[in-house]
Amino acid sequence: MNPEIVAEVGNEDAPESFRSGFIAVIGRPNVGKSTLLNQVLGQKIAITSDKPQTTRDQILGIRTDGDAQLIFLDTPGIHQPRNRLGKHMVNVAEQAIASDSDVILWLVDISAPPSDEDHYIVERLRELLDFAGELPFLLLIANKVDSIGTVNVEDRIREYVGLLGWLTGTSGGQKSIPVRTLSAATGDGVDALVASLAELVPPGPLYYPSEQVTDLSMRFIAAEIVREKALQLLRQEIPHSLAVSVTEWNERSPEMTHIAATLYVERHSQKGIVLGGKGSMIKEIGQAARPEIEEMVGTRVYLELWVKVLQKWRRKENLLRRLGYHL
């Protein structure tokens, strides 16, 4: 989807000692990238769920502390795509790597050994960086230390670092791979990561106003909140087939905002599941989403949800574009 820019860029003066930079957060699906972003910002802008491939678009988060501004690019999980939507998601992540990011955070689930998807990420990372002029700095972020159990953390870290040996051996590459352990879920270790990133980014301008935390529009975030609640409430075969689009946003008064959104599925049988018996499920989704949207908007919200079928929309480029996924 194409989020709107909601504030002018660089409209404040920054001191000469100011540092700023772009930080791409990559990793396989469901390793906690969006949870980490929300922790870094101290508020929720990226939806999360226990379903893989929840994030479909690049989510930009901004943290400004003292003499540093860190601009995080939360990306969809890198995986081997099976349809055009999957291709879009991987393209978004790879563009963040191949762009002018100053730092790359490779987030891994330290409670599990490297998977086939982790190996795939490393290969794609190598291919993409081979075409880069000046290589961005890469950190390995060992997430989920709160669920490591009896696994030896140092041994597990060595498994992941070992996949990156090519980076330390290249001309212009790093001498070593720094590792940070943390729990995105609890916040343990996040402040230490932010402090180290503030030292890694180069001297630069204040790209965004100091109080701004994202460039996403409220319409985009509202649609994502509805999708998040649907992901949490619906069973396994529905989530990947679901898209949400806000079709109407009307500030009826200073106290009330009317929002209409459509949930798109691929099959008529899925429409029945999303609606539920006598509309029970779609009502539950709305009830779960409304409080978070009201907190964001600052008014009471009348949330109107509809369900429509777009057959095989994940495989058709014209339908993906209609839903805002630009390939």
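Predicted model: local features only at pLDDT ≥ 70, side-chain atom pairs only at ≥ 80, totals over all residues.

Biologist: Let's go inside, then. Which residues touch the most other members of the largest nonpolar core?

Modeller: That core has 53 residues, and the ones touching the most other members are F72, L105, V226, L263, V274, I285 and I293. Helix α7, residues 218–233, gives the most to this core, with seven residues.

Biologist: Why does this core lie between domain 1 and domain 2?

Modeller: Look at who contributes. Domain 1 (19–200) and domain 2 (218–323) both give residues to the core, so it lies between them.

Biologist: Can we look at one member closely? Which residues does L263 touch, not counting those up to four places away in sequence?

Modeller: L263 touches V226, A230, L242, A243, V244 and V274, among others. Its contacts also include I282, I285, L305, W306, V307 and K308. Elsewhere there is a second, separate core of 21 residues, with L125, L138, L167 and I177 among them.

Biologist: Now the charged pairs. How many salt bridges does the structure hold?

Modeller: The structure holds 13 salt bridges. In one of them, the side chains of D109 and R28 meet at 3.9 Å, N to O. This pair links distant parts of the chain: D109 sits in strand β4 (residues 103–109), while R28 is in the loop between β1 (19–26) and α1 (33–41), 81 residues apart.

Biologist: Are D109 and R28 buried or exposed?

Modeller: D109 and R28 are buried. R28 also meets the side chain of D118 in a salt bridge, at 3.4 Å, N to O. D118 belongs to helix α3 (residues 116–130), and the two partners are 90 residues apart in the chain. D118 is buried, as is R28.

Biologist: Which salt bridge involves E228?

Modeller: The side chain of E228 meets that of K44, at 2.5 Å, N to O. E228 is in helix α7 and K44 in the loop between α1 and β2 (59–65), 184 residues apart.

Biologist: Why is E228 called buried, and why is K44 called partly exposed?

Modeller: We go by relative accessible area, and buried means under 20%. E228 is buried because its value is 1%. K44 is partly exposed because its value is 36%, between the 20% and 50% cut-offs. Coming back to shared partners, salt bridges join R28, D109, D118 and K144 into one network.

Biologist: Polar contacts are next on my list. With which side chain does the side chain of R314 make a polar contact?

Modeller: The partner of R314 is the side chain of E266, at 2.9 Å. R314 lies in the loop between β9 (300–309) and α10 (317–322). R314 counts as buried because its relative accessible area, 19%, is under 20%.

Biologist: And where is S34 placed?

Modeller: S34 is in helix α1. It is buried, with a relative accessible area of 9%. The side chain of S34 makes a polar contact with the side chain of D74, at 2.7 Å.

Definitions and conventions. Residues numbered from 1 in each chain as written. Heavy atoms only, no water. Core = buried A, V, L, I, M, F, W, Y, C linked by side-chain atoms within 4.5 Å. Buried < 20%, exposed > 50% of the residue type's maximum accessible area, 1.4 Å probe, protein only. Helix = DSSP H or I, 4+ residues; strand = E, 2+ residues; numbered from the N terminus. Domains from an automatic or database assignment. Contact = heavy atoms within 4.5 Å. Salt bridge = Lys/Arg side-chain N within 4 Å of Asp/Glu carboxyl O. Polar contact = N/O pair within 3.5 Å; in protein donor to acceptor, adjacent residues only side chain to side chain.
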